[in-house]
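Q: Please take a close look at one part of this model. I want the packing first, then the surroundings.

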Amino acid sequence: MAASDIDGDGDADLVFARTGANYVYRNDGNGTFIDITATGLPAEADYTWEMELGDFDGDGDLDLVCGNSPGQKLYLNNGSAQFSPPAAPMPSVQSRTRGLDAGDVDGDGDVDLFVSASSLHLLLNDGAAGFSDASAARLPALSSSVGGLGLADVDGDDDADLLLVHGEQAGLLLNDGSGTFVDATALLPLYGGSAGVATADVDADGDLDALFYHDYAYSPGAGSHLAFNLRRQLTSPFMVVSGGTYQHAARHLPVVG
């Protein structure tokens with residue numbers, strides 16, 4: 001499900017993913033929802049696993065990407081919650097979509113898209129919903145399939161980094177500010193059995209922590225794992241003496257709580 005203002009009237013509407021056909025519900029402003037699927041979305045027979053809303057064509061309204069099995073499809077909003085395919089389809093990863101996340105990763109002011117399926121793909125936006133697959137040039141190689149995704153500035157340098165799950169392991173890709181990512185998974189705690197990730201400042205210290213979760217009880221490491229971001233904490237390997245001079249070395253070492 002995706003919830004946001006898709007018709008520009010200031011309240012949150014709903015888009016639901018399901019097997020065979022997705023649904024669009026418009027909020028009347030009082031919390032009553034009206035089914036506008038017949039006029040809002042083209043009739044499709046896809047099995048949709050994930051959805052992501054974002055202004056991909058830069059016209060001020062929210063468009064929709066559906067992550068299907070197989071492939072992905074983009075629908076552009078006319079501003080009144082009526083979605084239609086673009087003239088040129090977006091590049092599609094032809095396998096089951098496991099995760100979607102959108103944000104400006106290369107600092108050019110438009111909304112780019114991460115797609116996880118059998119592998120991880122970065123689709124860069126030209127500002128008018130024209131996407132190009134920049135995965136080979138901008139992403140490190142990952143040895144296993146990728147699941148849940150979470151874009152967040154975890155190292156405090158004002159660009160979007162990527163937390164992810166691959167091969168049921170937690171992963172971290174740090175952004176250099178231009179949309180090129182390096183594998184920094186070594187900075188995370190080691191645990192497996194994860195399927196998704198969410199971020200929030202759970203300890204109110206000004207940086208983003210991460211929750212990795214798994215809902216398959218039969219898998220190793222099933223359950224939830226909370227990793228605290230220690231970017232804003234200070235640690236010392238020795239006794240601190242008042243009046244001493246010390247050198248600061250920045251490190252980002254989350255721990256499982």
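Which residues in the largest nonpolar core touch the most other members?

A: Val 105, Phe 114, Leu 120, Leu 162 and Phe 181 do, in a core of 15 residues. This is a predicted model, so local features need pLDDT of at least 70 and side-chain atom pairs count only at pLDDT 80 or more, while totals for chains, interfaces and linings use all residues. Residues are numbered from 1 along each chain as its sequence is written, and side-chain values use heavy atoms, leaving out hydrogens and water.

A nonpolar core here is a set of buried Ala, Val, Leu, Ile, Met, Phe, Trp, Tyr and Cys residues joined through side-chain atoms within 4.5 Å. Buried means under 20% relative accessible area, exposed over 50%, and partly exposed in between (1.4 Å probe, protein chains only).

Strands β11 (120-125), β13 (146-152) and β14 (161-166) each give two or more residues to this core. Strands are DSSP runs (E, at least two residues), numbered from the N terminus. Take Leu 120. Beyond residues up to four places away in sequence, Leu 120 touches Phe 114, Val 115, Ser 135, Leu 139, Leu 142, Val 146, Leu 149, Leu 162, Leu 164 and Leu 173. Contact means heavy atoms within 4.5 Å. Another core lies apart from the largest one; it has 14 residues, among them Phe 56, Met 90, Val 93 and Leu 113.

Ala 129 sits in the loop between β11 and β12 (131-133). Its phi is positive, about 65°, although Ala 129 is not a glycine. Ala 129 is buried, at 8% relative accessible area. Asp 158 lies in the loop between β13 and β14. Asp 158 also has a positive phi, about 70°. At 76% relative accessibility, however, Asp 158 is exposed. Most residues other than glycine have a negative phi, and most peptide bonds are trans.

The Ser 69 to Pro 70 peptide bond is cis, with omega near 5°. Pro 70 is in the loop between β6 and β7.

Gln 72 belongs to β7 (residues 72-77). Gln 72 is buried, at 4% relative accessibility. Its side chain makes a polar contact with the side chain of Thr 97 (2.9 Å). A polar contact is a pair of N or O atoms within 3.5 Å; within protein, one must be able to donate a hydrogen and the other to accept it, and residues adjacent in sequence count only if both atoms are side-chain atoms.

Terms used:
Helix = DSSP H or I, 4+ residues; strand = E, 2+ residues; numbered from the N terminus.
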